[in-house]
Amino acid sequence: DFRSVGYANTMIRPPAEVYRQVTGDSIDGADLVFQHSFGDTSVTAQIGYGNASNRQPGDARVEFKPGLSTQVLAEHGPFTARIGHSRAKFSIVDNLPLNGLLASLNRVGLAPVANALDISEVDGSFTSVGFTMDYNNVLVQSEYALRRTDSRVIMDTTSYYAMLGYRTGKFTPYYYYGN
């Protein structure tokens, strides 16, 4: 939910460096949200649990079963900080090129190689930390994220971005850097 509500981007598109690491952005299941204020600071915590299936090019799907996601967001005046962690077992389903490769490897006696390349019930996690500041006309937004998997095919990744902008009326020029 943090991508859709309450963590808006000044940029037209969310930064691909961070948000393309994991294909899913929702879970079909249940979530629980708790919010409490500590003086001038508001803290929101969310936990979600369920399954997800995301269609990929070529009618393949990435399935997350089950997925567990936690987010904590703290807001104090013009500052917002967020930390999130999600984990799931994931599988790539109906990927014809991958299925053909695995079948060929099994056929020629390379079952250990096929097993090492199979993407079924793989443990994966995604952790991110973000910060925004919207003070007077100055905007700062940044995020740092890690994807970790127990797969030889889906690599571990680290990404980040930073954005600095200045609001002048309805116009907000900004500088963005991501990797």
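The entries below go from the sheet to the aromatic pairs. I noted at the start that this is a predicted model.

**Entry on the sheet.** I looked up the strand order and found that eight strands form an open sheet, running E1-E2-E3-E4-E5-E6-E7-E8, with antiparallel pairing. I then checked the edges, which are strand E1 (28-38) and E8, since each of these pairs on one side only. From one strand to the next, I read an average twist of 10 degrees.

**Entry on the first pair.** I found four aromatic pairs in the structure, and I began with Phe64 and Phe90, whose pair is tilted, with 6.3 Å centre to centre and 45 degrees between the planes. Because Phe64 belongs to strand E3 (residues 61-76) and Phe90 to strand E4 (residues 79-93), the pair ties together parts that are 26 residues apart in sequence.

**Entry on the second pair.** I turned to Tyr160 and Tyr177, whose ring centres are 6.3 Å apart and whose planes stand at 40 degrees, so this pair is tilted. Tyr160 lies in strand E7 (residues 157-166) and Tyr177 in strand E8 (residues 174-178), so parts 17 residues apart in sequence are tied together. I noted Tyr160 as partly exposed at 32% relative accessibility, and Tyr177 as partly exposed with a relative accessible area of 41%.

**Entry on E7 and E8.** I saw that E7 and E8 pair in the antiparallel sense over five bridges, and that Ala162 stands opposite Tyr177 in E8.

Technical notes
Residues numbered from 1 in each chain as written. Predicted model: local features only at pLDDT ≥ 70, side-chain atom pairs only at ≥ 80, totals over all residues. Heavy atoms only, no water. Phe/Tyr/Trp six-rings, centres within 6.5 Å; stacked < 30°, edge-to-face > 60°. Helix = DSSP H or I, 4+ residues; strand = E, 2+ residues; numbered from the N terminus. Buried < 20%, exposed > 50% of the residue type's maximum accessible area, 1.4 Å probe, protein only. Pairing = 2+ DSSP bridges. Axes fitted to C-alpha atoms, helices over the stretch in contact; angles between N-to-C directions.
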